[in-house]
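Here is a short report on one protein model. Look over the sequence and the structure before reading on.

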Amino acid sequence: GAVKLQLPLPKNVDGVTLDPNPDWTFDALLVELNSIEKKLNASSKFTKTESRQLSASKDNSRRAFVMQVSDDDVEDMDRDTRNEVGDHFLMGGKRFACDEIYLSDSDQSEDDQHIELQRDLMDKVGLVESALSELAHDHQLTVVEEVRDQLSALEAELMDESEKLASTLERVERNAEARREMNRKFDVQYQRKIAEALDDHLTTVQRDHEHRSQIEERRIRDDAAREEAKRKEKAIQEEKVRQERIRAEAKARLEAERVEKEKAAALEAERKAAKEAAAAAAAEKKSPETKTTVPLEASKVSRDVTSQPAKPISDGQKHSAGNIIRVTENAQKLEEKRLTVYNEIAAQNEALGLGSNKAYRKFEMEIARRIKTITGSKETVRVKAVELIKLISDSTCPQSISIAMFAQKVVSLCVNPTGSFNSAVYAYGRVIVQVTSKVPLAMDILIAELNKVCIFTVPKYIVYSEAAFQSKEAYYKAIGYAEEDGKIESTDSYVDRLSAYMKLYGALVQTEVEGCQNLHGLREGWAWIARFLNVFPANLYTAAALQAFLEMAGFSLHRRYKTQFRKLLDIIAKDFLTALKDRGDAKLTKVLVNLRSYIESNQFLNEPEGWRLRSSLESHNYNLDSGHDQQYHYQQFY
C-alpha cells in the first residue's frame, strides 16, 4: 500500500541553507528558490512537470508537506540519490518528522496505485520549493503564535490592568464613601456642637434672666420691707399719740365727772335750802324739771374690739341740726385725712391739664380697658395687675393723674352692676391689692373715692332733719342718690348701687395676696363692722350695706377672728335685726330675711362664690352671657 509521510524539511541541501532569512524580500526569496531548484535538478532524476508560480499573496492556512512514494519508485531510484535523500530524511532533518502514517488497503491494483502515485508526484511542486513553503508557513505560524502569544500577553496584561483599574476604582469609591461618611460624621458632630453651644447660650441667658429677676424681686422685697418698717414706725407713733389722747380724754372726763358731781352736790344743797325757805309757796313757785339729752359718744374701736357695741339708734329719735352726722372720731379723722390727700391730688391734676389734654384721655382709655377685662382667673389677674402697674408708672403720664384715673375707673365698676361684676369682684380686689402694694398712694385715693360716692364705706350716716335739709331731695343727694335729667333715682336703683360699692369694699378688705401687703385689709374690715354697729340706725340703707359687706368679707373675718366675729353676729341678730323688724316696713322684709338666713345658717363658714380664682384651664369655661355683660359694661364705662 501507499505510505503517506509528513517529514520535516532539512536545514540545508548540498550546502544550501533551506531556512529562509526572515528579513528577505519576496524577490530575493524567488531568486534563491530558483537557484536551489537548478542545483537539485542537476543531481536528481526527479523532474518538474510543471513550474510552480508562486502567488504574491501569503497563504494564511496551514498545509503540511506530504510526500507519497511507492515501493517501486524507491527501488528504481539510483543508489546515490536514494542515499542522499535518505540521509536528508533520516539524519539531517530535524525539522521533518513523521507525524502521520496513513496505511490504506484498497481494492485497486498496484499498477493503478503506481500510475496514480506518479500522477500525484508529477502534479506536485519541487521538493525544495515545498520545503521552503513549509518553512515559510512554519515561520508564519511562528509569527502568528508569537502574535497570539503577544495578544494573549496583551490580553492578560489588559485584563490585569482592568482588574487593577477596577480595584483602583473600587478603592477610590471606598475612599470616597469613607470620606463622605467622615464628612457626615463631621457634619453631625458640628451640628451637635452648634446645638450644644446654642443650648449653653440659652441656658446662660435664662440663668442671667433668672438672676436679674431674683435681684429685682429682692429689691422689691427690700423696698416693701422698708416701707413696712416706715409704716409700722408711723403706726407706732400714731398709736402713742392716740394713747396719749385717750389718757388726756380720760383725765378730762374724770375731771368733768368730778366737777359735775360737785355741781350736783351744790345744786342739791341749794335745792334743799330753797325748799326749806319757801315751803309755803312751793306749789306756786315750783318750776318744771328739764331733761337734757346727752348725745351718744362715739366709741373708739380698734382691731381687737371685744366690748358690746352701742345699740342701734332708730330714726324715731330726734337730733339737732348739729348732730345729724353719725360717725366715730377715728373714722372721721381717717376720712378727713384721705380727703385732704384726694383734694391735693385733684388740684395738682387740674394744674397739669387733666381735663383738657387729649393724650391723657387716651391713657385713661388704656387703664379703663385693662380694668374692664379683669376676670376671675389667676392668669388674668396677674397680667392685668402687671399691665396696670406699668401704665401707672409710665413716665409719659404724670403718676398723680394715672392714680386718679385708676381710682375713678375702679369705683365706676359699681355703676349699673351686672352679673359679671358679682363674679369678678374678688378678682378686682386682688388686682387692687397688687397695684397698691407697688403704688401705696393709689390705696388712699381709691378709698377716698369710695368714701366720696358712698358714705357707708367710711362708715358714716346722715340723719334726716328738716332743720338741716330744705327737702327730702336734698337729703337724698347728701346720702348719695344720683340725679338724672333733673330727677332723683329710685330707691331700688340706689340700694343696688350702694350694695355694689359695699361689695367692692368688702372684697378689698378681705383680700390677701402672697407677697403683697394689703394696705386696707382685715383690720380695717373689723373696725368698719364695729363702728357700723356703734353709730348706724337700723333701716333699709344700713341693712343693705351690712348684708353686702358680710357676704363679701364674712368668710375671711370669721377665719381671722373666729369667736369674736360670732359675738358681733349675735349682737346683729339680737339688736340690729330686732330694731329692723320693729320698723314694720314691708321693703325691709327681703333684706331682713337674707341677714337672718346668713347668720342662722352659718353661711360665713362657706367659701363664697368667686372667692377662689380659677386656673387657666377653668377660665375657658366662661359662658357667653358673661362675655356679653362685660362687653355692655365696657361700653357704659366710657
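Is Val147 buried, partly exposed or exposed? Val147 counts as partly exposed, at 39% relative accessibility. Buried means under 20% relative accessible area, exposed over 50%, and partly exposed in between (1.4 Å probe, protein chains only).

## About the model

This is a predicted model: local features need pLDDT of at least 70, side-chain atom pairs count only at pLDDT 80 or more, and totals for chains, interfaces and linings use all residues. Residues are numbered from 1 along each chain as its sequence is written, and side-chain values use heavy atoms, with hydrogens and water left out.

## Helix α5 and the annotated span

Val147 sits in helix α5 (residues 127-277). Helices are DSSP runs (H or I, at least four residues), as are strands (E, at least two), numbered from the N terminus.

An unreviewed UniProt entry annotates residues 144-179 and 226-286 as "coiled-coil region". Such annotations may be inferred rather than shown by experiment; positions follow the numbering used here, and feature names are shortened. Residues 144-179 are 100% helix and 0% strand, and their end C-alpha atoms are 49 Å apart.

## Ser499

Ser499 belongs to helix α14 (residues 491-509). Ser499 is buried, at 15% relative accessibility. Beyond its neighbours within four places in sequence, Ser499 contacts Ala544 and Ala548; contact means heavy atoms within 4.5 Å.

## Cysteines

How many disulfides does the structure hold? The count is 0. A disulfide here is a pair of cysteine sulfur atoms within 2.5 Å. For Cys454, the nearest cysteine sulfur is that of Cys414, 8.7 Å away.

Cys454 is buried, with a relative accessible area of 3%. Cys516 is partly exposed, at 23%.
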